[in-house]
Amino acid sequence: MANEHKYQCSFCKRIITVHDQYDMPIFDPTTGFALCKNCIKDIAQMIEAHDADIAEQGKEGFTETLDDSLKKNKPHVIKQYLDKYIIKQEHAKKILSVAVYNHYKRMKYDYDHEKDGDEIEKSNVVMLGPSGCGKTALLSHLSKLLDVPFAVTDTSSLTEAGYVGSDVEIAVRNLYYAAGSDVEKTEHGIIYLDEFDKIARKSGENNSITADPGHEGVQQSLLKMIEGGTVEFTERGQRKHPEAPTIKVNTKNILFIVGGAFVGIDKIIAKRLQTDSASIGFGADVKGPDEEENYDEIISKVQPEDLIKFGIIPEIVGRLPVICTLGTLNEDDLLRILTEPVNAPVKQYEKLLAMDNVKLVFENEALLAVAKKAIERKTGARSLKGIIEDSMLDIMFDIPKSDEPRKVIITKACIEDGAKPVIEPLAEDETIDK
């Protein structure tokens, strides 16, 4: 044939009769470099085999990591770690410690029984508690201990696809980057969905026929992710379009923890309890009109049906079998938070001022005033540091002007009336811990 040519493959050195471009798919007439179709097939097979070996090695390495994690992170060890940072919330710390440990065990079991198809279902967790009670702090400190990737996503910023806002896939993308862009690790991580109560669907008298892009639609989108499916997302900063390269992550083995204040759910629970106890006959549990249970007692009796009445769709409630409740913090709890944990606010400011050769002292009445202010603001522990910061702003501005050793005393008047802290020379027997 007139169009036939003979070329030598640079890889196998065979002389190939080229009838069309598919006989010699790669050919550079300038250099004479050429690859025949058979060599390209062989190279492709070698690459696939190499990738499979790398994936298997990574899998074995991850399994070994799980063995180490199971040995190091037993429930009592996890709780002991959390006790260093979190005051109160004993029940919640136990629940999370067990949930995380079981997550490790479940991954290990699935790896060991992958061939026979036997598997253990994951137990996702829902956390309920008032603002500032320690939900986010618990998960934040827990993430520092864990050997699996962990990421937090603010659920209130999520919307349905097509609306202005963040798509639900951003939760998995956050975990992907927390895992160092490793898909294998991402598929066995933990995602915390904060402010989950903000996407409760509107119901009752407030129900609307208009679009609700930040509520029930978001729950439906999250459902597919929580129950276990493949999530596709683009690299950070890339817009979604048909030709954009995507990353695929299977969420089957990702542990989901959702949390929120769920403001008003205590009334739903109280109403249910009142209905349940309103039976007729001898032995009926009838309460007088002035008898009321406090918030902590009521919230501890939450049931899945209460979450559904609050506005969480039944399908998602069914995927959150573990319910973890946190109690309110009183003055004594806030006082302990100010001084006892490893990263207590008072200890942080003592270290900061020690760097300027200053010994910081808080009077007990001043600490009590800080706790009372936090309770008045109804913001719990999250406002403690801000209250101290307000009272110390001027002193922290002026202190660096001199390197002379001094002692700064924060009094009750500093917290309540904005008075200036007391500054005294450092006594001979006093030292500054740096």
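Reply: F262 is located in the loop that joins strand 10 (255-260) to helix 8 (265-277); helices (H or I, at least four residues) and strands (E, at least two) are DSSP runs, numbered from the N terminus. The model is predicted, so local features need pLDDT of at least 70 and side-chain atom pairs count only at pLDDT 80 or more, whereas totals for chains, interfaces and linings use all residues. Residues are numbered from 1 along each chain as its sequence is written, and side-chain values use heavy atoms, with hydrogens and water left out.

Although F262 is not a glycine, its phi is positive, at about 50 degrees. F262 has a relative accessibility of 1% and counts as buried, where buried means under 20% relative accessible area, exposed over 50% and partly exposed in between (1.4 Å probe, protein chains only).

F262 also belongs to the largest nonpolar core, which has 39 residues; F196, L222, F262 and I265 touch the most other members. Helix 7 (residues 216-227) gives the most to this core, with five residues. A nonpolar core is a set of buried Ala, Val, Leu, Ile, Met, Phe, Trp, Tyr and Cys residues joined through side-chain atoms within 4.5 Å.

Beyond its neighbours within four places in sequence, F196 is in contact (heavy atoms within 4.5 Å) with T155, L222, V258, G259, G260, F262, I312 and I316. A second, separate core of 31 residues includes Y81, I95, C133 and V148.

Another positive phi in a residue other than glycine is that of Q89, near 55 degrees. Q89 lies in the loop between helix 2 (75-83) and helix 3 (90-112), and Q89 is buried, with a relative accessible area of 5%.

Aromatic contacts complete this account. Rings of Phe, Tyr and Trp (its six-membered ring) pair if their centres lie within 6.5 Å; planes under 30 degrees apart count as stacked, over 60 as edge-to-face and the rest as tilted. By this rule there are five aromatic pairs. One of them, Y7 with F27, is tilted, at 4.4 Å centre to centre and 45 degrees between the planes. Y7 lies in strand 1 (residues 5-8) and F27 in strand 3 (residues 26-27), so the pair ties together parts that are 20 residues apart in sequence. Y7 is partly exposed, with a relative accessible area of 29%, and F27 is partly exposed at 33%.
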